[in-house]
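Subject: Structure handover

Hello,

Here is the structure I said I would pass on. Please open it first, then read my notes below.

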Amino acid sequence: MMEPITVVKGFKDILPEESRNWQKIEQFARKIFGDFGFLEIRLPILEKTELFTRGIGDTTDIVEKEMYTFSDRGGERLTLRPEATASVLRAYIEHNLYNRNAVTRLFTIGPMFRRERPQKGRYRQFHQINVEVLGADDPRIDAEVILMLVHFLRGVGLGNLNLDINSLGCSECRAIFRERVIAFLRDTEGDLCADCRRRLHANPLRVFDCKNETCARIIEDAPNILDFICNDCRNHFERVQSSLELFGLPYRINHRMVRGLDYYTRTTFEVTIPDMGAQNAVVGGGRYDGLVRDLGGPDIPGIGFAVGFERLMALLPEEQNEPPAEPLLFVAALGDKAQEYAFSLCNRLRLRGVQAEMDYTGKSLKSQMKKANKLSSPYTLILGEREMESGQGELRDMRSSSQRSIPLDRLEDTLMELGK
Ligand code: AMP
């Protein structure tokens with residue numbers, strides 16, 4: 001045998017038993033998001049590289065180290081999307097969606113690609129549910145988005161979660177904060193990791209997000225952004241908090257949470273799960289008021305979040321692994337004529353919405369019955385030469401082990417009745 005080709009490192013197959021649970025979660029997300037007025041948008045996974053360098057920021061880890069970027073055969077620089085917000089906004093601008101409604105609520109579900117070091121809970125292809133609201137800067141929208149998120153997470157069975165919120169201010173107050181952080185880090189600059197040192201002046205806030213232990217220790221005493229945000233940003237943040245309180249949503253303020261992407265302004269938030277280990281962030285999100293403009297659109301505010309699908313699935317209780325739907329009927333057919341009849345019957349039933357199965361490998365009746373038992377279909381139809389001659393099939397109720405003869409010309413209708 002030839003050496004088999006395996007999956008790419010950091011990529012993962014989602015097998016049928018897992019896939020069913022994914023569908024359930026997706027369906028649930030669609031229902032909840034629909035209740036809050038969100039519409040689904042489906043986007044390409046490949047975009048022009050510039051979308052992400054401009055959108056996410058070219059001194060972030062994602063853009064500097066993690067993107068799958070290549071030149072296609074025409075020489076165009078393309079990237080497998082590492083996140084969805086930039087793509088949603090590209091489409092929003094490209095199709096002038098802002099002309100349709102003042103506020104646009106969109107969600108999208110799909111794969112993202114980051115060439116990170118693979119480990120438990122961290123993959124190179126992973127999936128996100130992304131939610132974006134464009135056109136509203138009202139702090140109540142921030143709270144509403146978070147409310148919907150927590151409602152969704154609780155609904156799938158994640159009651160025990162921590163919601164961390166922060167404000168990163170606007171471009172004005174953050175500029176002052178940046179200077180203060182640079183000044184604070186100046187004395188310890190030599191101790192920072194190479195990345196943080198290199199990015200210190202271009203993007204000092206990245207130190208807050210650095211996984212290096214020394215950088216994390218240094219940043220513990222850094223200035224608190226909430227001491228620097230301007231009055232408008234402070235009022236906004238306070239309104240977000242009072243709105244969260246209105247819904248009884250517990251939250252923690254974490255002034256060191258800056259998130260890994262540069263586009264965030266004002267409210268940022270993260271949902272983590274206690275005791276989940278290092279990769280405990282299930283959701284990250286925030287406001288990005290300058291991003292539509294930076295991507296070439298009008299000056300329209302936005303806010304959104306991304307749920308990590310794999311991490312969410314890993315947290316769900318085991319009993320949610322449902323078995324597949326069993327066929328209503330297994331047709332055990334022996335002999336050419338019976339096989340022919342079974343083939344036609346099974347497919348006619350399927351076309352009418354009833355799940356039916358048969359054996360195509362010429363097995364004995366005994367092993368076909370074994371297969372019927374294994375499938376645990378409630379009915380088995382036995383068709384042998386005798387049945388074909390008499391024009392009567394034997395329908396066996398597998399639960400009661402009772403059997404009755406049914407004329408072949410009434411079989412399909414009888415089975416349709418049983419399938420109701
Ligand atoms: P981000 O887009 O970085 O804000 O990430 C949002 C969420 O996506 C995180 O909270 C994780 O749940 C998930 N996520 C991000 N990167 C990965 C990865 N490499 N593998 C699996 N999930 C990820």
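Start with tyrosine 92, which is buried, with a relative accessible area of 0%. Please keep in mind that this is a predicted model. Tyrosine 92 pairs with tyrosine 98. The two rings sit edge-to-face, 5.6 Å centre to centre, with 65° between the planes. Tyrosine 98 is partly exposed, at 23% relative accessible area. The angle of 65° is over the 60 degrees that edge-to-face requires.

Tyrosine 92 also belongs to the buried set of H4. That set consists of Thr85, Ala86, Ser87, Val88, Leu89, Ala91, Tyr92 and Ile93. With 8 of its 10 residues buried, H4 is largely enclosed by the rest of the structure. What do the buried residues of H4 pack against? Their partners are strand S2 (46-48), helix H2 (49-55), S5, strand S6 (125-134) and helix H10 (291-294). Just after H4, asparagine 96 has a positive phi of about 45°.

The loop between helix H4 (85-94) and strand S5 (104-113) holds alanine 102. Alanine 102 is exposed, with a relative accessible area of 64%. Leaving out residues up to four places away in sequence, alanine 102 touches Leu134 and Gly135.

More on the aromatics

The structure has 15 aromatic pairs. The tyrosine 92 and tyrosine 98 pair, edge-to-face at 5.6 Å, is one of them. Phenylalanine 343 and tyrosine 360 form another edge-to-face pair. Here the centres are 6.4 Å apart and the planes make an angle of 80°. What does this pair tie together? Phenylalanine 343 is in helix H12 (residues 336-351), while tyrosine 360 is in the loop between strand S13 (356-358) and helix H13 (365-375). The pair therefore ties together parts that are 17 residues apart in sequence. Phenylalanine 343 is partly exposed, at 45% relative accessible area.

There is also an aromatic cluster, made up of Phe28, Phe33, Phe38, Phe107, Phe152, Phe269 and Phe305. Separately, lysine 12 lies over the face of tyrosine 123, 5.6 Å from the ring centre.

Helix packing

Take helix H5 (residues 139-155) and helix H9 (residues 231-246). Their axes come within 8 Å and cross at roughly 40°. H5 and H9 are therefore oblique to each other. The crossing of H5 past H9 is right-handed. On the H5 side, Pro139, Arg140, Asp142, Ala143 and Ile146 make the contact. On the H9 side, the residues are His236, Arg239, Val240, Ser243 and Leu244.

Now H12 again, this time with helix H15 (residues 408-418). The axes come within 11 Å and cross at roughly 30°. That makes H12 roughly parallel to H15. The cut-off explains the wording, because angles under 35 degrees count as roughly parallel. H12 passes H15 in a right-handed crossing. H12 contributes Tyr341, Leu345, Arg348 and Leu349 to the contact. H15 contributes Leu408, Leu411, Glu412, Leu415 and Met416.

Single residues to check

Glutamine 368 is in helix H13. Is glutamine 368 buried or exposed? Glutamine 368 is buried, with a relative accessible area of 1%. Apart from neighbours within four places in sequence, glutamine 368 is in contact with Phe330, Val331, Ala332, Ala333, Leu334, Gln339, Asp359 and Lys363.

Arginine 266 has a phi near 50°, a positive value in a residue other than glycine. Arginine 266 lies in strand S9 (residues 265-272). At 16% relative accessibility, arginine 266 counts as buried.

Serine 401 also has a positive phi, near 60°. Serine 401 is in the loop between strand S15 (392-397) and strand S16 (402-407). At 45% relative accessibility, serine 401 counts as partly exposed.

Best wishes

Definitions and conventions:
Residues numbered from 1 in each chain as written. Predicted model: local features only at pLDDT ≥ 70, side-chain atom pairs only at ≥ 80, totals over all residues. Heavy atoms only, no water. Phe/Tyr/Trp six-rings, centres within 6.5 Å; stacked < 30°, edge-to-face > 60°. Buried < 20%, exposed > 50% of the residue type's maximum accessible area, 1.4 Å probe, protein only. Helix = DSSP H or I, 4+ residues; strand = E, 2+ residues; numbered from the N terminus. Lys NZ or Arg CZ within 6 Å of the ring centre and 35° of its normal. Axes fitted to C-alpha atoms, helices over the stretch in contact; angles between N-to-C directions. Parallel < 35°, antiparallel > 145°, perpendicular 65-115°, else oblique. Left-handed = near helix turned anticlockwise from the far one by under 90°. Contact = heavy atoms within 4.5 Å.
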